Structures are given as C-alpha cells and as structure tokens.
Amino acid sequence: MSSCSAVEMPAARDIGEFMRLFLTLLILLLVVALAAPYVLKRPDGQPWMDASELSPDIQVNGSYEKAKLELYRWWHGLRRDLFADRQSGKTRAYRWQDSEGNWHLSDTPNPAGNSEELWVDPNVNLMPATLLPVEEEKNTTQGEPSSVPLPMTVSPGQAQQLMQDAQKIQGLVDKRYEQLDADAQK
C-alpha cells in the first residue's frame with residue numbers, strides 16, 4: 001500500500017499546481033476585463049469609461065437628506081448610463097446637415113462636429129398614422145359593377161381621375177414630411 005500512495009501523491013501535487021495556475025490566470029483575466037473599459041476607445045476616440053464617472057459629483061450644503069437624495073440620483077444616473085444600451089435595446093445614431101442642406105444619418109458622429117445624437121428604438125413605430133379624409137363609399141355588394149373594369153385596364157377618363165387621386169395622396173405625404181421635419185427641428 002505504501003507504494004500505491006507514493007504514486008498518487010505526485011498526481012495530487014500536479015492537480016494542485018494546475019488549479020493554482022488556473023486561478024492565477026482567472027484572476028489576471030478578471031483584472032484585464034475590469035481595466036479594459038478604461039483603456040479601450042469608442043469610435044469617437046473617448047474611452048468607454050472614465051474614473052470621474054465613478055465618483056459622485058455631489059455638492060450639498062445642507063442636510064443629510066439632501067446629500068442622500070443627491071447620492072441616490074447620482075447612483076441611478078450612473079446605472080442608466082452604463083446599462084442603457086443593453087436594457088432598452090435602443091441604438092445610438094447621429095444626424096447632421098451638410099453645407100448643401102443634405103441630411104446625413106450615421107452610427108458615427110460628423111467628423112466636422114455639429115451632429116445631433118439620436119436614440120432609435122427599433123421596437124417603436126416612429127411615424128404615427130395619418131388620418132386620411134374619408135369619402136362616401138358606394139355600396140357595391142348589391143351587384144353593381146366595379147368602377148375599375150376587368151382586366152385591370154382603365155379608360156382615359158379613369159386614368160385622369162387616377163392621376164388626380166395620386167396627386168392628392170402625394171400632397172398629403174408632402175404635408176406629413178413637412179410636419180415630421182418641423183417636429184424633428186424642435
């Protein structure tokens with residue numbers, strides 16, 4: 001039995017050394033993962049995190065309750081800033097207008113500056129529905145023929161009416177775009 005235990009001891013020692021090496025590498029990996037946000041840069045050239053974001057900028061002259069409220073606001077603002085992308089699923093986008101008046105939308109800010117940061121939620125319909133004027137409908141269920149003959153061809157008189165209808169729709173769409181641009185400028 002003594003020869004058997006002598007053989008098992010070096011194997012146990014090797015496992016212990018392996019575990020020690022594994023834990024050392026795990027701790028090193030954890031330190032690198034915690035330091036990376038302070039070193040790695042975002043697309044705009046700024047680090048992902050700054051040490052000043054972790055220290056509260058609280059200036060309270062007064063009671064303990066005011067200090068507690070300021071600390072509470074700071075903590076929840078920090079949580080919102082750090083975890084906003086993952087919690088809400090929103091995407092950051094930048095919008096700017098060039099010297100020719102063309103609008104640009106990008107995931108990186110304008111290199112020349114003057115870009116507006118937007119948060120876009122892909123789960124929300126950004127364009128609300130527009131109510132169209134309702135015309136009185138003819139009751140076609142009683143066997144009246146449709147105004148569009150079959151096969152889908154139209155007479156010159158009907159083509160003119162279709163063009164007028166299309167122009168009315170285009171006018172409504174143009175008004176809607178103007179309204180959206182005015183809302184976006186606010």
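The exercises below work through the fold, the sheet and selected residues of a predicted model.

In this predicted model, local features need pLDDT of at least 70 and side-chain atom pairs count only at pLDDT 80 or more, while totals for chains, interfaces and linings use all residues. Residues are numbered from 1 along each chain as its sequence is written, and side-chain values use heavy atoms, with hydrogens and water left out.

**Exercise 1. State which elements the protein has and in what order they run from the N terminus.**

Solution. Helices (H or I, at least four residues) and strands (E, at least two) are taken as DSSP runs and numbered from the N terminus. The protein has four helices and three strands. Their order from the N terminus is α-α-α-β-β-β-α.

**Exercise 2. Describe burial, contacts and surface for the protein.**

Solution. Start with burial: buried means under 20% relative accessible area, exposed over 50%, and partly exposed in between (1.4 Å probe, protein chains only). Of the 186 residues in the protein, 5% are buried. Next, take contacts, meaning heavy atoms within 4.5 Å. Among contacts with a separation of 6 or more, 32% are between residues 24 or more positions apart. Finally, the accessible surface (Shrake-Rupley method, 1.4 Å probe) is about 16,400 Å², and carbon and sulfur atoms hold 60% of that surface.

**Exercise 3. Work out the strand order of the sheet and how the strands pair.**

Solution. Two strands pair if DSSP finds at least two bridges between them. Strand β1 (residues 91-97) and strand β2 (residues 103-106) are antiparallel and joined by four bridges. Five bridges join β1 to β3, again running antiparallel. The twist from one strand to the next averages 30°, with axes fitted as lines to C-alpha atoms and angles running from 0 to 180 degrees between N-to-C directions.

**Exercise 4. Locate the turn between β1 and β2 and list residues that face each other across the strands.**

Solution. β1 and β2 form a hairpin with five residues between them. In the turn, Gly-101 has a positive phi of about 90°. Towards β2, Trp-96 stands opposite His-104 and Gln-97 opposite Trp-103. Towards β3, Arg-95 stands opposite Glu-116.
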